[in-house]
Amino acid sequence: MTWIVWRLQRPLFITLAAGIVLAVGGALLLRAVMTADIAAAGLADCVREGLQRGVGGACGSRQVMEFQNAWGNRMWVAQVLVLGLPVLVGVFVGAPLFAREYEQGTHALAFTQSVSRTRWMVTKFLVTVLPALTAVVVIQLAVAHWVAAAGELGPQQSGPFTAISFGVAGVSPAAYALCAYTLGMFVGAVSKRTLVGMSLALGAFVVIRFVVDGFRESLGTTTRVTFDDPFERVDKSAGLTVDGGWLTADGKEVTDTSRYDFSDCATKDSTTCYHEKGLVKSFYDIIPADAVGALHLAEASIFVALSAVFVAGTVWAVRRQV
Amino acid sequence: MNSTRPDDGLVRVRGVAKHFGRKAAVSDCTFTLPEGSVTALVGPNGAGKSTLLSLVAGLVTPTRGEITVHGTPVRGRMHPDVSFLIQRRPLYDRITVREMMRAGGALNDRWSAERADEVLDLLAGVDRDAKVGALSAGARTQVSIALALGRMPKVLLLDEPLSDLDPLARDETLRIVMTDVAERGTTVLLSSHLLTDLGDVCDHLLLLDEGRVQLTGEVDGILADHRVLVGPVGTALPTEGAVVDVSHTSRQTTVLLRGGPEPEGWQAEHPDLVSLVMRYLRASRARRAPARERSRTGAPHPS
């Protein structure tokens with residue numbers, strides 16, 4: 001049973017293998033060239049330390065600008081590609097899985113043999129989903145390996161919570177790919193048309209990603225950081241700011257200062273002025289940078305749960321198929 | 001050896017109905033297929049032949065009724081003793097015949113590679129290294145039959161096995177099937193529009209119309225029970241027996257009568273299988289479009 005699924009999907013596996021080889025080869029090559037560029041421009045320290053500390057020094061120089069002009073876009077394109085991989089898996093691997101059999105009538109061939117529909121489904125699912133997920137994860141790691149070589153000069157400087165950086169890291173690409181794949185499989189099995197299934201999978205997955213993106217922040221546990229100076233800002237690299245504002249002396253949160261009139265302050269110094277009005281501290285609720293792994297897991301669990309729903313839907317659709 | 005006692009059937013269908021939405025594709029079907037019989041399933045297009053075959057195969061779950069093969073019920077999946085040749089002959093087009101046979105082995109609990117090979121070797125033989133998608137219609141049917149017989153079935157269901165085939169391939173395909181019947185006593189239910197081809201091989205008939213069984217039983221018995229009556233236009237229709245079909249030419253009236261004694265005033269003879277089925281099909285069409293048919297033939301609405 002495994003053999004026949006493997007044999008029928010051989011072109012797909014060849015494509016996946018070629019994709020892996022190209023991506024890994026390309027990423028390693030680009031990493032090597034980029035590392036050489038960094039060394040030649042003498043930016044090795046900036047990779048570790050980033051720009052802030054180097055302002056005025058070597059890291060604030062023209063070399064950094066030149067490096068980022070040359071490599072920024074390339075790394076961005078590679079990360080967007082990783083971000084798009086799950087969609088490709090859903091559209092080109094998931095959606096045709098059952099839809100193409102229905103279109104060609106070959107599902108009836110399988111149904112008239114003694115293998116049960118459930119076993120047929122499970123085998124088809126596992127034999128294709130494992131290589132597809134493997135390809136996604138390997139390409140993800142290859143690109144991450146390359147991008148990491150740019151350190152603080154690359155996307156890392158914006159922290160791990162940006163839409164792109166978050167989506168290409170941790171368990172996220174695998175979870176997205178599983179969800180897109182099962183979604184494609186489900187809409188393909190229901191619509192019984194490859195093209196319809198592909199379009200639906202694409203549209204629905206983009207919507208799902210967008211919606212979950214909208215409430216991702218609320219999945220993480222926040223830590224409160226407070227400053228005695230109401231104007232001190234939290235360091236961007238500390239984490240993702242979810243909420244912020246000021247605290248009164250008795251600990252009340254104030255996020256809207258429009259009802260305060262600061263014009264009658266005795267002093268021009270804003271800090272003292274705020275203190276005078278009772279806004280003694282500033283606070284930030286942040287998801288710390290080192291908690292990004294937990295946020296990945298929390299979000300992934302939503303996508304895995306959705307996948308389970310899509311798998312159940314597919315089982316239902318295939319069982320009722322004549 | 002072919003017992004036709006109703007309780008002795010290898011395949012028993014009791015009160016089976018299948019509805020797709022509100023439309024009934026098959027209603028209240030009851031019949032048996034005796035072991036070793038070869039039954040022709042005939043009926044007009046849309047009579048429910050394919051649905052009935054799918055029901056017996058277990059591809060479709062009946063809305064009502066029960067189907068048993070060898071005493072075990074068929075429900076929701078393929079019965080191990082049944083093979084089904086689907087009208088569209090679905091096969092994996094992109095692999096070779098050899099790989100297709102290997103797939104047959106992989107997809108079945110009981111599989112005889114020798115039997116499948118035997119079938120492929122029959123006639124001109126099928127090239128094992130050819131891509132399935134590149135085969136002629138005849139060779140494709142042969143591969144489908146090899147796949148069906150490799151399952152070592154006791155019951156073989158064939159949906160339009162002869163459609164798309166040239167006369168030689170038709171003859172050869174029937175020969176493959178009949179060899180299996182002769183050697184293994186396989187029970188066959190086959191649907192076809194090619195009545196002349198079926199006449200030689202079928203000993204039982206199952207006539208389906210609008211999802212209902214019109215006739216079922218041994219061909220000889222059915223033919224003996226029917227008479228074709230020919231008489232001058234205006235002869236009074238027989239009162240005993242059931243008038244199946246009436247047709248007119250300018251001079252004479254032809255009647256298909258079921259049961260009853262030989263009536264007075266008519267030339268009577270027993271029909272052959274082809275003319276019997278033809279007249280049933282025509283009566284069925286007249287029932288479906290009574291107004292148009294009556295105006296064309298001038299015949300009264302047949303019952």
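1. Start with A:Ser307: a polar atom of its side chain sits 2.7 Å from the backbone oxygen of A:Phe303. Bear in mind that this is a predicted model. A:Ser307 is part of helix α12 of chain A, and it counts as buried because its relative accessibility is 2%, with the cut-off for buried at under 20%. Leaving aside residues up to four places away in sequence, A:Ser307 touches A:Leu178, A:Cys179 and A:Thr182.

2. Now the helix around that serine. α12 of chain A covers residues 292–320, which makes 29 residues. From first C-alpha to last it reaches 43 Å, close to the 42 Å expected at 1.5 Å a residue. The buried residues of α12(A) include A:Val292, A:Leu295, A:His296, A:Glu299, A:Ala300 and A:Phe303. Further along α12(A), A:Phe310, A:Gly313, A:Thr314, A:Ala317 and A:Val318 are among the buried ones too. When you look at that list, remember that an α-helix has 3.6 residues a turn, so residues three or four places apart point the same way.

3. Over in chain B, have a look at B:Ser37. Where is B:Ser37 placed? You'll find B:Ser37 in the loop between β2 (23–34) and β3 (38–42) of chain B. B:Ser37 has a relative accessible area of 0%, so it is buried. A polar atom of the B:Ser37 side chain lies 2.7 Å from the backbone oxygen of B:Pro34. With residues up to four places away in sequence set aside, B:Ser37 touches B:Thr186, B:Thr187, B:Val188, B:Asp203 and B:His204.

4. Next, how the two chains meet. Chain A puts 22 residues into the contact and chain B puts in 23 residues. About 2,300 Å² is buried between chain A and chain B, and carbon and sulfur atoms give 59% of that area.

5. Which side chains form the salt bridge between the chains? They are those of A:Arg7 and B:Glu99, at 2.6 Å from N to O. The count of salt bridges between chain A and chain B is 1. For polar contacts, the count is 8 residue pairs between chain A and chain B, with both residues at pLDDT 80 or more.

6. Finally, what chain A brings to the side that touches chain B. The elements giving two or more residues to this side are α1 (2–8), α5 (96–104) and α6 (106–111) of chain A. α6(A) gives the most, with 5 residues. By type, the residues on this side of chain A split into 10 nonpolar, 7 polar and 5 charged.

Terms used:
Residues are numbered from 1 along each chain as its sequence is written. Chains are lettered from A and ligands numbered from 1 in the order in which they are written. This is a predicted model: local features need pLDDT of at least 70, side-chain atom pairs count only at pLDDT 80 or more; totals for chains, interfaces and linings use all residues. Side-chain values use heavy atoms; hydrogens and water are left out. Contact means heavy atoms within 4.5 Å. Buried area is the accessible area (1.4 Å probe) that two parts lose on being put together, summed over both. A salt bridge is a side-chain nitrogen of Lys or Arg within 4 Å of a carboxyl oxygen of Asp or Glu. A polar contact is a pair of N or O atoms within 3.5 Å; within protein, one must be able to donate a hydrogen and the other to accept it, and residues adjacent in sequence count only if both atoms are side-chain atoms. Helices (H or I, at least four residues) and strands (E, at least two) are DSSP runs, numbered from the N terminus. Ala, Val, Leu, Ile, Met, Phe, Trp, Tyr, Cys and Pro count as nonpolar, Asp, Glu, Lys and Arg as charged, and the others, Gly among them, as polar. The expected span of a helix is 1.5 Å times one less than its number of residues. Buried means under 20% relative accessible area, exposed over 50%, partly exposed in between (1.4 Å probe, protein chains only).
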